[in-house]
Amino acid sequence: MSSGMGTVYRAVTGIAPPYVMYNTTTGSFYGYCIDLLNDIGSLAGFDYTIREAYDEHYGHRDPRNGRWNGMVDELIKNISDIAVGPIWITSDRAQVVDFTVPYQGPSGFAIMMLKRKRQIPFLRFLMILEIEVWLSFAFAFFLTILLLFILEKYSPFSYRNNRQKYRNEPDDRFSSLKECLWFAFASLTPQGGGDIPKNLSGKLAAAIWWLFSFVIVAAYTANLAADETLERLERSIDSMDDLTKQYRVRYSTLANSSTFRYFHGMKEAEDMLYQMWRQMTLDENTPEWNRSKYAVWDYPLEDKFTKMYYAMDEVGFVPSVEQAVKMVRNVNRTYEFAFIAEAMTIKYLMLTSCDFRQVGYEFSKKPFAFAVRKDSPLKKKIDDAIAYLAMKRKLNDLEKKWWDENPIRANCPADKDFNAGFGLDDLAAVFLLILVGVLLAILTLCLEYLWHFYGPRQNKKVRLFARMLSTHEKSKMEGKSRK
């Protein structure tokens, strides 16, 4: 590939969407870093040829023998002149190669999980209490109605049996099952049941029902609030610390990746510090008064990364990004899965799919830059070109092109705030209940209308028929008596 006129340099890269990608149809590389390299070549006046690293690695030192691999190794061995891509600036790499000025802000590692999709039962407001509670409540409701009716019918002090005494009080509430039902139902509402029975036995029954109703309504309200609170707590994994303090979500990373080496290195650092602490507390050469002081001092450092490394090792390190995506999407598992990887990988997966979300913030952030051979004259040319492009806001334009305006970007709907409280989905059945009530009221109105206009006519016909039958029978009796 050529980007200008002048010396031709050998560039090496690695696939890291959207920074560097490969088009199999045209046989060429493209992406953020390729556009940036083209602009740099035009400003600095050089051409380049580019290919992928032989072993497809960016460059890591083998801790066993100190040898490098990937693009860093090719620069050391003078196989390539420029390493192109989202290469982290680390102190280890800086000892053997030179880095250009960063072309993008710091980036680190991130955690990706499946986006939260709230499954709301349609009749959720009925599922706050168990079915046994609802059945017991219905039994108590109808038993109270029947009890009020019986007490009103047989008590000598009720309104029904003392109409003369209560003639100035036209309340006939407890004289029928219908009115007793309305009283019991209205007692559940803030409006209250209205007037109470006149007899003492009825008053006791009403008081017990009020107490029962108060407890049931309070229990329902408390469980409704607790259900929402517990649901939010179950979704409260918002950082790496939250991930380490729970067992419901399992997590892992790519085998032999930068993330794997980061956690492995942090685990070894924690192990080394722990051994040093143990040596201070157990070494017989340390004065006894010092050892006793250390003995009462609990281990002063966290072993967070050690626990995380062993947790990932138990799950198993993932062989590929594709496999990690399948594990995150697999909702049929008995547990959720979180994928820990380089933030640029997580961002690209979120860019191309609406199924994922980033948990918490990035950690262990380092800037991206290109790498050249140690003391290479290319460093100054590339530094000057990147500084000029930054001043002209060309770097911002590239970032906008490959992130905000990328044609493969998924058109995702706005995320719902799960901490915003009840939404329409939560209360859909309650609003439907209003509609059902309206329809029942209209149906009842129609029945009342029909009864009002056709009921009296039918009754009149029945009475007329009965009168005619009575007259006919009377005539027959008179005829017999004459004979």
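Colleague: At what angle do helix 1 and helix 14 pack?
Modeller: This is a predicted model. In it, helix 1 covers residues 32-44 and helix 14 covers residues 394-404. Their axes lie 10 Å apart, and the packing angle is about 150 degrees.

Colleague: Is helix 1 roughly parallel or roughly antiparallel to helix 14?
Modeller: Angles over 145 degrees count as roughly antiparallel. The angle here is about 150 degrees. Therefore helix 1 is, relative to helix 14, roughly antiparallel.

Colleague: How many charged residues are in the contact of helix 1 with helix 14?
Modeller: From helix 1, Tyr32, Asp35, Leu36 and Asp39 take part. They meet Lys394, Leu395, Leu398, Glu399, Lys401 and Trp402 of helix 14. The division is 5 nonpolar, no polar, and, for the charged residues, 5.

Colleague: Does Ala53 count as buried or exposed?
Modeller: Ala53 sits in the loop between strand 4 (47-52) and helix 2 (70-76). Buried means under 20% relative accessible area. The relative accessibility of Ala53 is 4%, so Ala53 counts as buried.

Colleague: How far apart in space are Ala53 and Met71, C-alpha to C-alpha?
Modeller: Leaving out residues up to four places away in sequence, Ala53 touches Val12, Thr13, Met71 and Glu74. Ala53 and Met71 are 18 residues apart in sequence. In space, from C-alpha to C-alpha, the distance is 5.9 Å.

Colleague: What percentage of the residues of the protein count as buried?
Modeller: The protein has 15 helices and 10 strands. Of its 483 residues, the share that counts as buried is 37%.

Key
Residues numbered from 1 in each chain as written. Predicted model: local features only at pLDDT ≥ 70, side-chain atom pairs only at ≥ 80, totals over all residues. Heavy atoms only, no water. Helix = DSSP H or I, 4+ residues; strand = E, 2+ residues; numbered from the N terminus. Buried < 20%, exposed > 50% of the residue type's maximum accessible area, 1.4 Å probe, protein only. Contact = heavy atoms within 4.5 Å. Axes fitted to C-alpha atoms, helices over the stretch in contact; angles between N-to-C directions. Parallel < 35°, antiparallel > 145°, perpendicular 65-115°, else oblique. Nonpolar A, V, L, I, M, F, W, Y, C, P; charged D, E, K, R; others polar.
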